[in-house]
Amino acid sequence: DIRELREKTGYAAMGGALAHKVYLIDEVHMLTDAAFNALLKTLEEPPPHVVFILATTDDHKVPPTIVSRCQRHAFKRIPLSASVARLEYIAEHEGIEIPREGLEMIARGATGSLRDAINLVEQICDSYGKQPSLEAVREGLGLIADERATDLAVDALKGEFARGLQTIGAVRDDGLDLRQF
């Protein structure tokens with residue numbers, strides 16, 4: 001009966017619009033067994049106006065009883081070409097002039113995360129202005145070669161670990177990102 005459905009979903013109370021409540025549970029795999037049991041009861045008989053989104057990067061840690069009551073949607077990283085196209089669009093609308101090769105470097109550095117790519121563009125523009133050169137993009141991404149990286153590799157091969165640790169300390173003290181280094 002349509003009238004009953006409207007009453008259950010809050011359709012009439014919302015002036016004719018269907019009312020939905022969306023609950024996003026991020027890192028759902030971190031829930032305790034007791035929390036999963038409580039969630040299970042809700043998933044078995046959810047209110048008709050409620051949608052649950054259970055997000056996780058470790059789906060194997062979610063109990064089968066929960067998984068069996070859910071639809072699964074696996075999200076994938078955004079392809080490089082799509083990230084670059086979106087960055088070009090954003091740059092154009094924000095008055096930013098970054099060479100296409102620079103946008104490609106930024107998208108590669110973001111490894112498929114558009115949010116990370118946009119943040120990198122913002123950081124580079126904050127540091128180098130709205131017209132950063134290709135060299136500025138490389139520097140902003142930490143892609144400028146540091147000769148100390150070669151020295152560190154040689155120290156490791158020679159077994160001079162104390163000297164290698166001193167090099168790492170100097171790089172850290174210079175404020176460079178150690179992961180990039």
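Mentor: Let's begin with a definition: buried means under 20% relative accessible area, exposed means over 50%, and partly exposed is in between (1.4 Å probe, protein chains only). Also keep in mind that this is a predicted model, in which local features need pLDDT of at least 70, side-chain atom pairs count only at pLDDT 80 or more, and totals for chains, interfaces and linings use all residues. Residues are numbered from 1 along each chain as its sequence is written, and side-chain values use heavy atoms, with hydrogens and water left out.

Trainee: Why is Thr 111 called partly exposed?
Mentor: Thr 111 has a relative accessible area of 47%.

Trainee: What makes the phi of Thr 111 worth a remark?
Mentor: The phi is near 45°, a positive value in a residue other than glycine. Thr 111 sits in the loop between α5 (100-109) and α6 (114-128).

Trainee: And why is Glu 27 called partly exposed?
Mentor: Its relative accessible area is 36%, so Glu 27 is partly exposed. Glu 27 also has a positive phi, near 55°, and is not a glycine. You will find Glu 27 in the loop between β1 (21-25) and α2 (33-44).

Trainee: How do you know what counts as a helix or a strand?
Mentor: Helices (H or I, at least four residues) and strands (E, at least two) are DSSP runs, numbered from the N terminus. The chain has nine helices and two strands.

Trainee: Why is α8 called roughly antiparallel to α9?
Mentor: The axes of α8 (residues 147-158) and α9 (residues 161-173) come within 8 Å and cross at roughly 160°. Angles under 35 degrees count as roughly parallel, over 145 as roughly antiparallel, 65 to 115 as roughly perpendicular and the rest as oblique, so α8 is roughly antiparallel to α9. Axes here are lines fitted to C-alpha atoms, for helices over the stretch in contact, and angles run from 0 to 180 degrees between N-to-C directions.

Trainee: Which residues of α8 and α9 meet?
Mentor: Contact means heavy atoms within 4.5 Å. In α8, Arg 148, Leu 152, Asp 155 and Ala 156 meet residues of α9 including Phe 161, Thr 167 and Ile 168. The residues of this contact divide into six nonpolar, two polar and three charged. Ala, Val, Leu, Ile, Met, Phe, Trp, Tyr, Cys and Pro count as nonpolar, Asp, Glu, Lys and Arg as charged, and the others, Gly among them, as polar.
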